[in-house]
Amino acid sequence: MKKYLYGFQLFFLNSLQYRFNTVINLFFGNMSLLVTMFFWVLIFNGDFGKSLNGFTLSGMITYFVISNILSKFTLQGSGFYYTSMVKNGSLGSVLLKPYRLEWTVYFQQISTSITGLIPQLLFVLCVLPFISGFLTWNVSVWNILSMVMFIVIASITSHLLWSIFGFMAFWMEEATAVMWSLAVLLNMAMGMYIPLDFFPKGWLSVLEKLPFSAWGYLPSKIYLGLLSVEKQLQLLWIHLSWIVILLLLHRFIWKAGLKRFSSVGG
Amino acid sequence: MSIIQVEHVSKVYRVHEKPEGFRSAMKDLFQRRYIEKTAVDELNFSVEQGEIVGLLGENGAGKTTTLKMLTGILYPTAGKVTVAGYCPTERKKDFLKQISFVMGNKSDVNWDLPAVDTFRYQQLIYDVPEVEFSENVSYMAELLEVKHLLKTQLRRLSLGERMKMELINCFLYTPKVVFLDEPTLGLDLRSQIAIRTFLKKYRNDHKTTMMITSHYMDDIEETCDRVILLQKGQKTFDGDIAELKKPEMSFKEGILNLMGSGEKQK
Ligand SMILES: Nc1ncnc2c1ncn2[C@@H]1O[C@H](COP(=O)(O)OP(=O)(O)OP(=O)(O)O)[C@@H](O)[C@H]1O
Ligand SMILES: [Mg+2]
């Protein structure tokens, strides 16, 4: 365990240095969130009494603030890590290390996420005085715990799934292009553009059971208190089983991919 | 039993042939053309514990490919490889802890860290006890004359200094079998000599088995007990270095002769 934590720490300090070089990131990286908020105020006509698909205006704004923060735990980076390592051949040198590569990558990516979270949180703190009136604050201890559970699951499933996408690089050279398009689709499926409740009837019951919903939509809904405990438990089991399924898939595709790995360079 | 056994090993790379011109490029989108490239052809040899074997051959002869198969980075297309009793591609933890592959500047290290941190990380990954760790580091840093540079960021070191750090990193956990791919590439005379002296002394102290590739014949002549010559992926010579050191001919001439006669045979 210690080696993974040490790797985490090294990576953490490193990306921290980079992040603070680009404080500018803090504002420009978050502009879209402000724009989204502005749109929803327009859509609701600034009416705080109104409700759309179960969301009030303050609920909606809270939803986007929370899901934006939580989406940092979606470890897309794992996928791009593998594609670049396969493409430039440096995967060869990490294959020789007596550690579980998938764990090492997971901890590296988590540490990048946490450093990415810092500017995000700073931003929210900066604008808080202006938006606190729009946010909902009442949240139970159970819901907080449940959110944390879902976020942990999200980090694992997103790591596994993105890694699998990254393994495409074993078969094709232009895997990153495909991955960028997938990222857009997945952003939609995790409720980053609009809560999943806004999709046509029936879609939600499917989408909430797919791994992506845990990456943003579900924990935000839980924060807002819009998901019953019963429903939370039911979905928790489904998302836990996704971990098992993705683990098996991950292992299978990794093995197949390694056989095709040609390790360029040298 | 020999520590390294290579039986009828071949490696065929399947390369996607990128066509010239727009029309053929369009056609290529639908019907990919592959060419097969035999990099290693029916290779047989074995190496005994404690031996240092030089792998010689012109550019593209298949030396790096062979080392990558011996370390398990590449799957052989045919044949069987056994190193320290293991099949390398299974990448068992106990196997990985016993081998080391010095790849020069192609290894995956964090350039922002000083050497000491990299060594610490390596220590954790390979479970090296603290006493052994500090002894090994100071012993090797002394031999390679880089003690004063241990705290400098890797990216601020010169090529030769980095190579020496890489050597320390690779020998830190006292591996049983070490593969070195052009360890003296681009180094000045003094550093070349330092590395040769290091390798010889290290072998005498630890009975380490090594396989070295190099285009500097002095490296081979001074460190190796035996030479294997590869030409177009095939072994054309395998014998004691003493056989090549004759009074009427220098070592270099001997090798050149061998390469020439190997060509004629075909
Ligand atoms: N990843 C790869 N994909 C396709 N072909 C490759 C790949 N790596 C090497 N080759 C080809 O296989 C042959 C052997 O390459 P290899 O790198 O083993 O040579 P080498 O003996 O190490 O040469 P050098 O002295 O230049 O390092 C070369 O002809 C090379 O073009
Ligand atoms: Mg080579």
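Glu222(B) is partly exposed, with a relative accessible area of 41%. Here, buried means under 20% relative accessible area, exposed means over 50%, and partly exposed lies in between (1.4 Å probe, protein chains only). This is a predicted model: local features need pLDDT of at least 70, side-chain atom pairs count only at pLDDT 80 or more, and totals for chains, interfaces and linings use all residues. Residues are numbered from 1 along each chain as its sequence is written, chains are lettered from A and ligands numbered from 1 in the order in which they are written, and side-chain values use heavy atoms, with hydrogens and water left out.

**Salt bridges**

- Glu222(B) forms a salt bridge with Arg196(B), and their closest N and O atoms are 3.9 Å apart. A salt bridge is a side-chain nitrogen of Lys or Arg within 4 Å of a carboxyl oxygen of Asp or Glu.
- Glu222(B) sits in helix α8 of chain B and Arg196(B) in helix α7 of chain B, so the pair ties together parts that are 26 residues apart in sequence. Helices (H or I, at least four residues) and strands (E, at least two) are DSSP runs, numbered from the N terminus.
- Arg196(B) is buried, with a relative accessible area of 5%.
- Arg196(B) also forms a salt bridge with Asp219(B), where the closest N and O atoms are 2.6 Å apart. This pair links distant parts of the chain, 23 residues apart: Arg196(B) is in helix α7 of chain B, and Asp219(B) is in helix α8 (residues 217-223) of chain B.
- Asp219(B) is buried, and so is Arg196(B).
- Glu51(B), Arg226(B), Lys235(B) and Asp238(B) are linked in a network of salt bridges.
- In chain A, Arg100(A) forms a salt bridge with Glu102(A), the closest N and O atoms being 3.0 Å apart. Arg100(A) counts as partly exposed, at 39% relative accessibility.
- Over all chains, the structure holds 18 salt bridges.

**Helix packing**

- Two packed helices are described by the angle between their axes and the distance between the axes. Axes are lines fitted to C-alpha atoms, for helices over the stretch in contact, and angles run from 0 to 180 degrees between N-to-C directions.
- In chain B, the axes of helix α6 (residues 159-171) and helix α7 (residues 189-206) come within 11 Å and cross at roughly 10°. That makes α6(B) roughly parallel to α7(B). Angles under 35 degrees count as roughly parallel, over 145 as roughly antiparallel, 65 to 115 as roughly perpendicular and the rest as oblique.
- In chain A, helix α5 (residues 77-88) and helix α9 (residues 175-189) pack at an angle of about 170°, with axes 10 Å apart. α5(A) and α9(A) are therefore roughly antiparallel.
- Gly79(A), Phe80(A) and Thr83(A) of α5(A) meet Ala175(A), Thr176(A), Met179(A) and Trp180(A) of α9(A) in this contact. Contact means heavy atoms within 4.5 Å.

**An enclosed helix**

- Eight of the 11 residues of helix α4 (residues 115-125) of chain B are buried, so α4(B) is largely enclosed by the rest of the structure.
- The buried residues of α4(B) include Phe119(B), Tyr121(B) and Leu124(B).

**A loop proline**

- Pro76(B) is found in the loop between α2 (63-70) and β4 (78-83) of chain B.
- Pro76(B) counts as partly exposed, at 24% relative accessibility.
- Not counting residues up to four places away in sequence, Pro76(B) touches Val9(B), Ser10(B), Lys11(B), Met69(B), Val81(B) and Thr89(B).
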